[in-house]
Structures are given as structure tokens and as C-alpha cells.
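User: I have a structure I'd like to walk through with you. Can we take it piece by piece?

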Amino acid sequence: MTSILVVEDSWLTRKVICKMLRAEGYETLEASSGPQALELLGTKAPNCMLLDLLMPEMEGREVLQTMRDRGYKIPVIVITADIQATTNSECMELGALAVIHKMPNSDELIEWIKKALSASQESTQ
């Protein structure tokens with residue numbers, strides 16, 4: 001089963017996103033912080049990650065940088081309320097596949113996940 005790691009410090013937002021994903025048949029893994037997400041990546045291999053940017057302890061940019069440094073090849077979709085062009089370009093430079101505005105509707109989110117999974121499959125073939 002395809003698994004998606006949802007990294008979001010807001011409990012309610014995380015639950016809403018996970019509910020959307022499970023309705024589409026995806027397995028969900030949850031992390032409420034950057035360090036928790038990186039710890040999960042050490043033991044699990046999700047097919048995709050949804051990553052919040054503004055979190056206490058470790059921001060999403062730091063998670064992206066650490067993933068890059070450690071050689072993780074998981075497609076990451078950043079979900080953020082920050083709509084600045086500089087934020088978008090920074091995330092893309094750090095390896096994010098897409099940056100979408102919080103709170104995405106279900107159709108938009110699932111469309112991006114399908115693109116991420118397709119890109120991931122192409123890169124491993």
C-alpha cells in the first residue's frame with residue numbers, strides 16, 4: 001500500500017489531511033515535528049511526504065536540507081500558508097516537488113500526490 005508521511009504541527013490540520021488521504025486509499029504516517037519526521041524516515045520508507053513549513057523546533061526548510069544531506073529521495077510536497085515567491089523558490093531549490101497553499105482541497109492534494117508518486121516511480125526505473 002502507498003504510504004504518505006504527513007508532517008504538520010497542527011493536530012487538527014494533520015487529522016484533516018490524513019482523513020483526505022485515507023479516503024483515497026493511502027496509508028498515512030504522522031509526524032508533529034521535523035525531528036519526529038526525520039526519525040520516522042530512519043525506520044519507514046513512505047512513498048511521499050507532505051511537509052508544513054512553519055513548525056517549532058525545526059522548520060520545513062531545515063527538514064528539506066537534512067533530507068538532502070542524508071540522501072533521501074522521497075518526493076516532498078510543501079503545504080504552507082506562506083505564499084511568497086522566495087519561499088516557493090527556496091523550497092524548490094532544496095528539493096521539494098511542489099509548494100501548495102494551505103489548506104488544499106482534496107482534489108488538488110490528490111492530484112499533486114499522484115504527480116509525486118509518478119515522478120518517484122520514473123526516477124527509480
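User: Is β1 mostly covered or uncovered?
Analyst: Mostly covered: five of the five residues of β1 are buried. Buried means under 20% relative accessible area, exposed over 50%, partly exposed in between, using a 1.4 Å probe and protein chains only. Strands here are DSSP E runs of at least two residues, and helices are H or I runs of at least four, numbered from the N terminus.

User: Which residues sit on each side of β1?
Analyst: Ser3, Leu5 and Val7 are on one side, Ile4 and Val6 on the other, and all are buried.

User: What kind of model is this, and which cut-offs apply?
Analyst: The model is predicted; local features need pLDDT of at least 70, side-chain atom pairs count only at pLDDT 80 or more, and totals for chains, interfaces and linings use all residues. Residues are numbered from 1 along each chain as its sequence is written, and side-chain values use heavy atoms, leaving out hydrogens and water.

User: OK, the sheet. What's the strand order?
Analyst: β2-β1-β3-β4-β5, five strands in an open sheet with parallel pairing. Two strands pair if DSSP finds at least two bridges between them. The edges are β2 (27-31) and β5 (98-101), each pairing on one side only. From one strand to the next, the twist averages 20 degrees.

User: How many bridges does β1 make with β3? And with β2?
Analyst: Four join β1 (residues 3-7) to β3 (residues 48-52). With β2 there are five, again in the parallel sense.

User: What stands opposite Val6 in β3, and what is its bridge partner in β2?
Analyst: Leu50 stands opposite Val6 in β3. In β2, the bridge partner of Val6 is Glu30.

User: Switching to helices. Which strands does α1 lie across?
Analyst: Helix α1 (residues 11-23) lies across β1, β2, β3 and β4 (76-80). It runs at about 165 degrees to β2. Axes are lines fitted to C-alpha atoms, for helices over the stretch in contact (heavy atoms within 4.5 Å). Angles run from 0 to 180 degrees between N-to-C directions.

User: Trp11 is in that helix. Buried or exposed?
Analyst: Trp11 counts as exposed because its relative accessibility is 55%.

User: Now Ile74. Where does it lie, and is it buried or exposed?
Analyst: Ile74 lies in the loop between α3 (60-70) and β4. It is buried, since its relative accessible area is 16%.

User: What does Ile74 touch?
Analyst: Leu41, Pro46, Asn47, Cys48, Met49 and Met67, not counting residues up to four places away in sequence.
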